[in-house]
Amino acid sequence: MNEEEIINKICTFIKEKVEEAKVDGVVLGLSGGIDSSLTAYLCVKALGKDKVLGLIMPEKNSNPKDREHAELVAKTLGIKYIVSDITDILKAFGAGGYVPTREFDKRADANLKPRIRMCILYYFANKYNLLVVGTGNKSEAYMGYATKYGDLGCDILPIGNLFKTDVRRLARYLGIPKEIIEKSPSAGLWEGQTDEEELGITYDLLDKILMALEEGKDKKEISKELNVPISKIEEILQRIEANKHKLYPPPKPNL
Ligand SMILES: Nc1ncnc2c1ncn2[C@@H]1O[C@H](COP(=O)(O)OP(=O)(O)OC[C@H]2O[C@@H]([n+]3cccc(C(=O)O)c3)[C@H](O)[C@@H]2O)[C@@H](O)[C@H]1O
Ligand SMILES: Nc1ncnc2c1ncn2[C@@H]1O[C@H](COP(=O)(O)OP(=O)(O)OP(=O)(O)O)[C@@H](O)[C@H]1O
Ligand SMILES: [Mg+2]
């Protein structure tokens, strides 16, 4: 599909979901990254600027550039936005790195941030009768590279069927500022964190592998075609399997 066709499909989806839910619009977290920027552009295209609310939720260690980029997106689109610093909430939780007595835990304390942001988004969704728009993409979903009930906690996922490579393609097409498109994707959970370093692979290569797997190719074929060790593909397959639980509602026993 070309860019225009994908954009039309996504915008129709957003409009339909908002109408079906009989809500007055949508709310989303604006991080200054490419996923939330693209999602915001698409929401405005689908619903108009008056039906989109942006939440910018930095904390004391956030990169100030990200907030600048988030405000640039909100101002360019002309949407209403609220800045809500989550540092005091992290302190109230007694989060490591935010109270003097505890060390930062890269799992527990890092994942607390997206979970706090999810609560704030639902607060505004309740208050103003909105849907919470998630910004996750397909590459992250396969890899489980997102926080369960954190950034994965949302009502609709407009870019959930796009690989990161396609996110970049659409972002360029829609004229999203270059500085947002070109910076390294980061969850911003600790200083210097980047997706590609944590995942151990570039999105360009990861997406090629994921697309080949979707086409039903086997690991030997993919390994040869992309010149990647079989062990890397096996690692990805294991990761996909181990993280499937994040994509479904909690399992229940059959009675
Ligand atoms: N088999 C299973 N069935 C049902 N539930 C299962 C389970 N295995 C674990 N769990 C549950 O899942 C929890 C682990 O999942 P989770 O809490 O998500 O934690 P986890 O997967 O360990 O960490 C999240 C990862 O996503 C990255 N991330 C987070 C947020 C945003 C972004 C971004 O790109 O912006 C990236 C983050 O850097 C980290 O690498 C366990 O503590 C357990 O409660
Ligand atoms: N400081 C923040 N303020 C508001 N929302 C945030 C903040 N940090 C993260 N989020 C929300 O969490 C989502 C997941 O973060 P993620 O890093 O995957 O996406 P991104 O920042 O939009 O793009 P990229 O992956 O390229 O960094 C963001 O899209 C955004 O909705
Ligand atoms: Mg980010």
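**Before you click**

This is a predicted model: local features need pLDDT of at least 70, side-chain atom pairs count only at pLDDT 80 or more, and totals for chains, interfaces and linings use all residues. Residues are numbered from 1 along each chain as its sequence is written, while chains are lettered from A and ligands numbered from 1 in the order in which they are written.

**Stop 1: the two domains**

Colour 3-188 as domain 1 and 201-249 as domain 2; such bounds come from an automatic or database domain assignment. Taken over C-alpha atoms, their centres are 26 Å apart. Now show the contact between them: 11 residues come from domain 1 and 12 residues from domain 2. Here, contact or touching has two C-beta atoms, placed from the backbone, within 7 Å of each other.

On the domain 1 side, pick out helix H6 (138-143) and helix H7 (164-173), the elements that give two or more residues to the part touching domain 2. H6 gives the most, with four residues. Helices (H or I, at least four residues) and strands (E, at least two) are DSSP runs, numbered from the N terminus. By type, that side has six nonpolar, three polar and two charged residues. The nonpolar class is Ala, Val, Leu, Ile, Met, Phe, Trp, Tyr, Cys and Pro; Asp, Glu, Lys and Arg are charged; the others, Gly among them, are polar.

**Stop 2: the core**

Next, select Val26, Val27, Leu30, Leu38, Ala40 and Cys43, which have the most contacts inside the largest nonpolar core, a set of 56 residues. A core of this kind joins buried Ala, Val, Leu, Ile, Met, Phe, Trp, Tyr and Cys residues through C-beta atoms within 7 Å. Buried means that 20 or more other C-beta atoms lie within 10 Å of a residue's own; exposed means 12 or fewer, and partly exposed is in between, with C-beta atoms placed from the backbone.

Helix H2 (residues 34-47) brings the largest share of this core, eight residues. Both domain 1 (3-188) and domain 2 (201-249) give residues to the core, so it lies between them. For a closer look, centre on Val26: setting aside residues up to four places away in sequence, Val26 touches Val18, Cys43, Leu47, Lys51, Val52, Leu130, Leu131 and Val133.

**Stop 3: ligand 2**

Jump to ligand 2 and show the 22 residues around it; Gly29, Gly33, Asp35, Ser36 and Pro185 come nearest. A residue is near a molecule if its C-beta atom, placed from the backbone, lies within 6 Å of it. Which elements supply at least two residues each to this shell? Strand E1 (25-29), H2, strand E2 (52-56) and H5 do, and H2 has the largest share, three residues. The shell splits into 10 nonpolar, eight polar and four charged residues.

UniProt positions follow the numbering used here, feature names are shortened, and annotations may be inferred rather than shown by experiment.

- Asp35 lies in helix H2 and counts as buried, with 21 C-beta neighbours inside 10 Å. Beyond four places in sequence, Asp35 touches Thr135, Asn137, Ile159 and Val167.
- Glu140 sits in helix H6 and also counts as buried, with 26 C-beta neighbours inside 10 Å.

**Stop 4**

Another "binding site" annotation from UniProt (unreviewed entry) covers Arg115, Lys148, Asp155, His245 and Lys246.

- Arg115 is in helix H5 and counts as partly exposed, with 16 C-beta neighbours inside 10 Å. Leaving out residues up to four places away in sequence, Arg115 touches Thr147, Tyr149 and Gly150.
- Lys246 is in the segment after helix H12 (230-242). Leaving aside neighbours within four places in sequence, Lys246 is in contact with Gly144, Ala146, Lys148 and Leu152.
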